[in-house]
Amino acid sequence: MGWTYLCDASDVAPDTLKLVDADGVRIVVANYGQGFRAMPPICPHMEEPLEESGVIANCVLTCTKHLWAWNLGTMEMDGGETEKPLKTYDLKEEDGRLLALVEEELTYDFDEEDDMDDDFFSKS
Amino acid sequence: MTSLARADDLAELIAPAPDRCAVTVDARSGTFAFDCAPGETLLYAGLAHGLTLPHECATGTCGTCRARVMSGEVDVAWEEAPGAAKLKRDKGDVLLCQTRALGDCVLRVPSDVLEKPVRHQIPAARHGVIENLRRLTSDVTHFEIALAEPMDFDAGQFVVVEAPGLQGARAYSMVNHGSGLDRIELVVKRKPGGGFGDWIAGPTAEGAKVEVFGPLGRATFHPDEDRDLLMIAGGSGIAGMMSILARAGEEDYFRTHKGYVFFGVRTLADGFYLEQFARSVDRGHGNLEVTLALSHENLGDVRHPEHGGVKLAYGFVHEVAAAAMAGRYDGVMAYVAGPPPMVDGAIRSLIIGGVGRAAIRYDKFG
């Protein structure tokens, strides 16, 4: 799909999230005050819809369901009980338009990888 | 006694009795083992063993206690549990709170597990008898459970109660707290289609035998943490806040700390525990504020007509709290309990208000 139009930068107020349809791929756009991020529309913890469950304050996106959180500036997990990183699409702004590089839909593998595979349980 | 005999005795002690199943848990933090009695859920057996297995509601609602059965036979009590909706059943995923072992089994749990809770008592199962039912409003009932064995629990903790003839278990926060208590006080709000609420309001509840598992819950109050207290609760979610207020009262905590309680109900007639609130405010050295937020009746920002220590406000409790607390969040420990939309709204305004996640405590039953 390549670079895909998401929405205008002015459509997403600071510290808010917006769910958009990018040529059939559901993407949440986050404005964290100092920039934008484009991500899958669900929390990697328990698949909560981030445009509803997410709240942004001081560059940190928190899912209010179980308080998993990520710093949208650095993309680091923001301590606490957060166990998985957030996935994001590459994003650029051109003439006030937000575009994401969507090669394929990013997903979290809740069933087979990450949380339940052998690597996950390795006790290094 | 010969050494051989001693070894035999020892083997008998260590090996599970034939009617118990050996359960192995492979977690991120290591491998653990416990055994499970027939009829005991895997979650309760593991928690009673001291393991900090992941869980929140312990009653099938939240989905936090999911695990994968790698080997062994299990029986799932409540297939349609809301928390099971996203499980990959074909991979052997289950909710530990709804699953019983039918033989030895091996589980995988996608979390860190500790061998002992850091701060709280190890929970256990107890028999109990329902006593002293007392209707507080048209749909709220206060009741007690006399326990067969005493229990230690912190202010803010809850238990899971199973009643005869009702499928599944319900989580209720204690209104009281303490050590070695043989009686727990609880409150239940009757909801449309709520089996336990209907049953407790009916004729067969008084004197009924129930099964109690607990204490559970991490939304606890510890005076030595030395924080101002903010409590936001809707409906029967106020139960845990009452135990925190009682604990704070024992310590004369509000001599040196601020306290803000926001309690949401629909109308003035739906308010309860108001005498207790008024008494706490009286003894609060001017540092404790209690606001009854009425979502469906606008009486203005006035004092409660009978309990002058309690303020009234109009609106949903998390919105009333957000408006009243703006700029006053510094140094608070926030406790939140109530219906899920209220809890989400309250957590949202706490985070926007700058309260750190470590200073937000809640146990989500729903």
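Ground rules first. I'm reading a predicted model, where local features need pLDDT of at least 70, side-chain atom pairs count only at 80 or more, and totals for chains, interfaces and linings use all residues. Residues count from 1 along each chain as written, while chains are lettered from A and ligands numbered from 1 in written order.

Back to chain B. I found helix α6 (residues 317–325) packing on helix α7 (residues 340–352) at about 15°, axes 8 Å apart. That angle makes α6(B) roughly parallel to α7(B) (under 35 degrees counts as such). Helices here are DSSP runs of H or I, at least four residues; strands are runs of E, at least two. Among the residues that meet, I noted Val317(B) and Ala321(B) from α6(B), and Met342(B) and Gly345(B) from α7(B); contact means C-beta atoms, placed from the backbone, within 7 Å.

Next, chain A. I checked strand β3 (residues 25–31): 5 of its 7 residues are buried (20 or more other C-beta atoms within 10 Å of a residue's own). β3(A) runs antiparallel to β2 (residues 16–22), with 7 bridges, and antiparallel to β4 (residues 36–39), with 4 bridges. Strands pair if DSSP finds at least two bridges. I spotted Leu17(A) opposite Ala30(A), and Val28(A) opposite Met39(A).

Last, the turns. The β2(A)–β3(A) hairpin has 2 residues between its strands, and Asp23(A) there has a positive phi of about 50°. In the β3(A)–β4(A) hairpin, with 4 residues between, Gly33(A) has a positive phi near 90°.

How values were computed
A residue is buried if 20 or more other C-beta atoms lie within 10 Å of its own, exposed if 12 or fewer, and partly exposed in between; C-beta atoms are placed from the backbone. Axes are lines fitted to C-alpha atoms, for helices over the stretch in contact, and angles run from 0 to 180 degrees between N-to-C directions. Angles under 35 degrees count as roughly parallel, over 145 as roughly antiparallel, 65 to 115 as roughly perpendicular and the rest as oblique. Two residues are in contact if their C-beta atoms, placed from the backbone, lie within 7 Å.
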